[in-house]
Amino acid sequence: MELLRALLAGAAVYLDEAALSVAKWSAPGGVAGLLLERGGAAAVRDYPPQAPSDPAAAPEPDAVVLLLSTHLSRHPETIRRLLLSHPYQTCHIVVSLSEALQYNEISYDDSLVGVWTSSTAAVSPGAAADDLGGYFATVEARIYDWMVESSQRHGRSFDRDFVVSVQFQPLCFSLLTPDVFLIPAAASFFPPVSLGGLTTPGSTANSSPRGSQAIARPTTDDAKAREMACVITTLLSSLHVKDEIFALGPSSKQVARIIVDQSTSARRRASEKSAAVLIVDRTLDLVGPTMHSDNLLDQVWSTLSRRSASSYDANVSPKYFGSAGGQQEDNQQDASDRGEPHGPSLSLAHGCEDECAELVSALLRLGQKDGLVTIRRRLVDLIGKEIPSASVPKVLGRVTLPQLDSLMSHFVNQPAVWSKHAGLLTYFSAVIEHGSRWDELVSIEKVLGLSLAETMDPTFMVQQLRDVLFRIVQEKQQMRASNASLGDGGTSTLTAKDVLMLSLYAYSLLGDSIPMTPKNEAALQDALFRAMMAVSRRARLLTDTRDCALLAQSSSGANPRAIQGWVVRVFSQMRQVALSRSGMTQLRHLLVPGQAPPYDPLLVQLARTATQPPNRDSQSSPLGSPPASTSADSTDWTHVPYTAGSALGSVMSGFSRLLGSTTSATSSTHRTHPSQFDHVILVVLGGITFEEAGRRAVGSTNIATTETMMTHIFKSK
């Protein structure tokens, strides 16, 4: 970071959204610490630039720095326009993908060819840096030409020559805690829902009860998969570990193969440290993101609005700032001169502030009750330390949000305290602001899970969801008749969107273990259609907006035929979700009768299986059996060996298939297993909840909530 600070001093700095997220979460002090303090940047702005510079603003610096998270060949026109808008003397471009990866990708994506030069020769996968032919140097030469052109256009001359550099810094990750990282460049990455799960070595389509349906496996867009693979490759190269890749899910397998192609000759392959990297598709288990977690952090991120669709940051009200608010808002702005109002909100990005990161680490592993106790304890400690004259009453019994609100009132109009403990106080504020509005939903989820585990029949679940939807319809009709707005007599706290998420929760939990009969599904589908029609009629009155987002998601307005078509597509998606694990064996079931709670998360099962040495004699547990205490050698994941990228590897793979059963016993005995490595790194494509992340070291593309699931699973087609 110190090398980066040296480049930023006195410059106008442009960051794309992913680079901004990295700075906010992973740089000590966040954006302010990295860019603005101690002789840092003169200005910090969004990339790409949103508007021309204000002539009345401060003079533009002679140096510009760009922090970019994607391939350089996707930016030349934007960079050219920026450089021609002002006669800069110095230009530094810092990219988060190495020169080797950038050059390598040109051979796979025709849209990247010839962007910086008239032609760009392809390079073999895994090429060493010494064989690149100076890709960064080619970019630097073109940028130099544009800076010369700009100085001529503006009639500006300099006493010394232009300074241009393109350099690599692995700024790819947002660190929530030392054990949990997010990948901002892939925040919008989400695996397609795969009908039929995946085909595992030795399995066939007929190996499952629904094997004949396991045929359509949509793959992730190749460009997105390659971008995802580049980031994971950068992580592994930064860690300098000799890795082996294991994949669970079609998109994960696609990404894993690209990583192997990119890294066959990588220097890290000679490292003495080893790591098993398990990449898994989020779509194989959607229960975690769709259920209402007991974890405080999940509750905060699920109820507070995000700063943008691809941002990890949430907006927190500065209720407790008082007169200190203006100063603190300036310190926590995403960028110092975006040219847009931020409004009165705070940032949850902790900038590696020790006390704040420690709080997040603690809350990751706690439920709501213990989390509130932890928040209260730290609040009391902070009051005693910073405001010793304050009187703190003793609390008997359960800690409540009003009690925390009373404690936080001590920090109103305390600018010095906010300056020292901004991150910690912001998290306290967020926990109090999010409220507790999940009790009814949590109760329904518990009843649904227990009833499914006890009866192995979804009929009760369907009836309960229909009852809730019927209540919603009745309430809308009553409100319409009385022309009352919600809150003027409405009693239900649930919406059609809540029921839709409960349905997705149930379909993913059931999988193909318990079939949903056509009769049950038709009844639930009809109930959702009626609720959506009631929502659409109510939305026209502009007095009830709770389900307007869901209505907009359907892109149907109040058109009954369009709404019906959307509902049909929704249930088609949920059927595919239910079938997503149908090609799996050991990790196939999430519902465990006799276990409390009956939900056994896929990521927990995966971690348990990956970290315990395999028991060759054990068999996968049938539905209804508790999880085995000794790990079986799972065949659900696919090991993607680095030899697979070579000609010899292909020949040997074909030879093994030719021998078939003759070599099966030997290959099983010597099968590579994640537990054989020094470290296990789990990467979830599509998002992870805090409750899931609290159990292990893990990385993911996003913080998974019902909103992100709504966006990706039920988006209009």
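In strand β9, the bridge partner of aspartate 243 is alanine 275. The model is predicted, so that local features need pLDDT of at least 70 and side-chain atom pairs count only at pLDDT 80 or more, while totals for chains, interfaces and linings use all residues. Residues are numbered from 1 along each chain as its sequence is written, and side-chain values use heavy atoms, with hydrogens and water left out.

**Exercise 1.** Determine which strands pair with β8, and in which sense.

*Solution.* Begin with the elements, which are DSSP runs numbered from the N terminus (helices: H or I, at least four residues; strands: E, at least two). Pairing requires that DSSP finds at least two bridges between two strands. Strand β8 (residues 242-248) meets β9 (residues 274-281) in the parallel sense over seven bridges. On β12 (residues 638-640), β8 pairs antiparallel through three bridges, and there alanine 247 has threonine 638 as its bridge partner.

**Exercise 2.** State how far β8 is covered.

*Solution.* Take buried as under 20% relative accessible area, exposed as over 50% and partly exposed as in between (1.4 Å probe, protein chains only). By this criterion six of the seven residues of β8 are buried, and the strand is mostly covered.
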